[in-house]
Amino acid sequence: MIQEADLLYFKNWFEMYIKQFCTGVERIDSAICLKVRHTKDVVREILDIADTLQLDAEQHCLAEIVATLHDIGRFEQYMRYHTYSDQRSEDHAKLGLEVMSQTGVINRLSKDEQELVRNVVYYHNRASLPHSDDQKFLLILKLLRDADKINILQVVTEHYAGINRNNAINLGLPDTPEISEKIVQCILGKKIANVKDMRTVNDFKLLQVSWVFDINFPRTYQIFKQRSYIDKLSSALPQTEIVKHAIESANSFLLQNA
Ligand SMILES: [Fe+2]
């Protein structure tokens, strides 16, 4: 059974692990720092959502552990490919599993717990939830996916507003006016958009708008609303008719659920 001591172990392990990626080169260090901060903020967000649910101590610890490990593949990804774009490099969740097996970081957990952590990391960035009868796995995965989205939106909306800017955020996409029709259609159909249809920074912003259709907990809707994520993304987009319709669709869905 997972305990507080395990939690402390993973937190210390993470601090030790990331040290090797500090290079002294500003461009690399600021990109690495982005994901270190993201990881710590996702821990904070997952605990915030967890506090609104009736979780037992073990579920609480598991949530914090998966938040700590969920992007562990990001550091290798940046060092190998100098990008956080999975499309232009490789899937960072799969890389995360590689890192976990190479370092043996989760070996102290039971076999079942290891499998759960591996599966949660593997599925945290899929377009949709996998089918599973394992309620414990689904709960932890849903918590992580919501907390991850909340913090990514915090980071990108600050970036678009000119606060805490970081060049690694836009994945090397061109900042040109085009907008993918397929992404807009997904938003109008109240569905999460597909990363494969993303060609420009505008598409990336609209993809993030579409995340409102993939939220699992009432607290997450509340946070989306309180922090005005959709409106902030909208302010960073060209105000064409099609964009306005898409934003209306996302906002009406949010207001129905928040
Ligand atoms: Fe991730």
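**View 1. A93 lies in helix 5 (residues 92-103).** Helices are DSSP runs of H or I, at least four residues long, numbered from the N terminus. This is a predicted model: local features need pLDDT of at least 70, side-chain atom pairs count only at pLDDT 80 or more, and totals for chains, interfaces and linings use all residues. Residues are numbered from 1 along each chain as its sequence is written. A93 counts as buried because it has 21 C-beta neighbours inside 10 Å (buried means 20 or more other C-beta atoms within 10 Å, with C-beta atoms placed from the backbone). Leaving out residues up to four places away in sequence, A93 touches G73, V121, Y122, H124 and N125 (contact means C-beta atoms, placed from the backbone, within 7 Å).

**View 2. Helix 2 (residues 26-50) packs with helix 4 (residues 73-81).** Their axes lie 10 Å apart, at an angle of about 165 degrees (axes are lines fitted to C-alpha atoms over the stretch in contact, and angles run from 0 to 180 degrees between N-to-C directions). The two helices are therefore roughly antiparallel (angles over 145 degrees). A31, I32 and K35 of helix 2 meet R74, F75 and Y78 of helix 4.

**View 3. Helix 2 also packs with helix 3 (residues 57-69).** Here the angle is about 155 degrees, and the axes are 8 Å apart. Helix 2 and helix 3 are therefore roughly antiparallel. On helix 2, the contact uses T39, V42, V43, I46, L47 and A50. Helix 3 supplies H60, A63, E64, A67 and T68.

Note on methods
Buried ≥ 20, exposed ≤ 12 C-beta atoms within 10 Å, placed from the backbone. Contact = placed C-beta atoms within 7 Å. Parallel < 35°, antiparallel > 145°, perpendicular 65-115°, else oblique.
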